[in-house]
Amino acid sequence: MGNLYRAISADGSAFAEVLDAKDIVSEIERIHKTSAVITAGLGRLTIAASLMGYMLKGDDDSVTLRVDGGGPSGQLVAVADSRGNVKSCVNNPIVELPLNAQGKLDVGGAVGRDGTLSVVKDMGLKEPYVGVIPLVSGEIAEDIASYYATSEQIPTVCSLGVLVNPDLTVKAAGGFLVQLLPFADEKCIDIIEKNVAKIRPVSAMLDEGITPEEIANMLLEGLEPNVLDTASPVYKCDCSRERTERVLISIGKDELKSIAEEGKDTSVSCHFCGKEYVFTPDEIRRLMGEQV
């Protein structure tokens with residue numbers, strides 16, 4: 001279970017959202033068998049997606065974050081619903097790089113810095129909202145903050161962190177977003193800046209047992225924070241045999257025909273959870289009949 005806590009300042013001009021995502025990122029490592037630097041990079045993107053998803057209003061709303069940075073990891077994708085439940089995948093789950101100059105996992109080196117972050121919000125309208133920005137660092141948190149500043153004009157502080165044990169299990173993982181609303185005054189902005197300046201890395205605090213509620217109160221200290229709500233998001237894939245059939249139908253009759261004529265079972269596995277769906281040649285032919 002994730003552990004998500006949201007608080008808002010007494011005057012409603014600033015809010016903080018904090019997620020302890022150790023269980024979510026542990027599930028990423030278990031499913032995708034990621035190397036340490038990919039656990040950190042995909043973990044950060046997945047935490048960001050969960051935080052952003054939880055801010056959506058409608059039950060069926062979703063957000064998809066996609067990072068194409070030109071690095072050895074290939075593309076990273078994370079998808080979250082409005083309850084913060086999230087799933088993610090990466091082209092290359094195993095990338096080995098030396099530590100960066102700070103002695104930390106080189107997420108920017110694995111992801112790459114020459115590319116884009118795209119944010120797609122599906123809110124049940126005719127067209128989804130799409131925002132695409134150039135990557136700032138490939139370290140994910142700065143890129144998320146840059147997205148909010150440029151695409152949504154919302155001043156945002158974002159911190160994301162994943163600590164990986166030597167045996168590749170996840171020691172701690174989490175993140176926070178602090179956002180200022182348009183009517184926030186200079187005094188409120190100064191207080192937030194001071195609070196953020198003295199706060200330690202989020203993964204280190206969570207590892208020490210500091211709770212999301214305590215971190216949110218540190219971020220909004222001096223602004224009389226009140227709890228908005230709490231949630232327990234999880235890593236959750238919504239794939240199904242029916243969805244997989246729709247994907248197969250979408251590739252077209254000719255392609256399905258050549259697959260069926262091979263006379264072998266066809267196995268399709270989900271990028272997000274690894275679950276396999278097997279179709280016999282007869283089942284593939286039946287899908288051809290459904291090709292519109």
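Colleague: Which residue forms a salt bridge with Lys171?

Modeller: Asp207 does, with the closest N and O atoms 2.7 Å apart. Keep in mind that this is a predicted model.

Colleague: Thanks. Where do Lys171 and Asp207 lie?

Modeller: Lys171 is in strand β9 (residues 170-180) and Asp207 is in helix α6 (residues 202-207), so their pairing ties together parts that are 36 residues apart in sequence.

Colleague: And what relative accessibility does Lys171 have?

Modeller: Lys171 has 37%, so it counts as partly exposed. Asp207 counts as partly exposed too, at 34%.

Colleague: How many salt bridges does the structure hold?

Modeller: There are 15. One of them joins the side chains of Glu245 and Arg286, at 3.3 Å from N to O.

Colleague: Which helices do Glu245 and Arg286 lie in?

Modeller: Glu245 belongs to helix α8 (residues 241-250) and Arg286 to helix α10 (residues 281-290), so this pair links parts 41 residues apart in sequence.

Colleague: Is Glu245 buried or exposed?

Modeller: Glu245 is buried, with a relative accessible area of 15%, whereas Arg286 is partly exposed at 40%.

Colleague: Which residues do salt bridges with shared partners join into one network?

Modeller: Lys87, Asp238 and Arg243. Within that group, the side chains of Arg243 and Asp238 meet at 3.4 Å, N to O. Arg243 has 38% relative accessibility and counts as partly exposed, and Asp238, at 41%, is also partly exposed.

Colleague: Changing topic to Glu29. What is the nearest side chain of opposite charge to it?

Modeller: That would be Lys33, 7.0 Å away. Glu29 is buried yet has no salt bridge.

Colleague: What is Glu29 in contact with, leaving aside its neighbours within four places in sequence?

Modeller: Its contacts are Thr34, Thr39, Leu168 and Val170. Glu29 itself sits in helix α1, which covers residues 22-32.

Colleague: How do the axes of α1 and α2 cross?

Modeller: They come within 10 Å and cross at roughly 130 degrees, with α2 covering residues 36-54. That angle makes α1 oblique to α2, and the crossing is right-handed.

Colleague: Which residues make the contact between α1 and α2?

Modeller: On the α1 side they are Ile24, Val25, Ile28, Glu29 and His32. From α2 come Thr39, Leu42, Gly43, Thr46 and Ile47.

Note on methods
Residues numbered from 1 in each chain as written. Predicted model: local features only at pLDDT ≥ 70, side-chain atom pairs only at ≥ 80, totals over all residues. Heavy atoms only, no water. Helix = DSSP H or I, 4+ residues; strand = E, 2+ residues; numbered from the N terminus. Buried < 20%, exposed > 50% of the residue type's maximum accessible area, 1.4 Å probe, protein only. Lys, Arg positive; Asp, Glu negative; His and termini not counted. Salt bridge = Lys/Arg side-chain N within 4 Å of Asp/Glu carboxyl O. Contact = heavy atoms within 4.5 Å. Axes fitted to C-alpha atoms, helices over the stretch in contact; angles between N-to-C directions. Parallel < 35°, antiparallel > 145°, perpendicular 65-115°, else oblique. Left-handed = near helix turned anticlockwise from the far one by under 90°.
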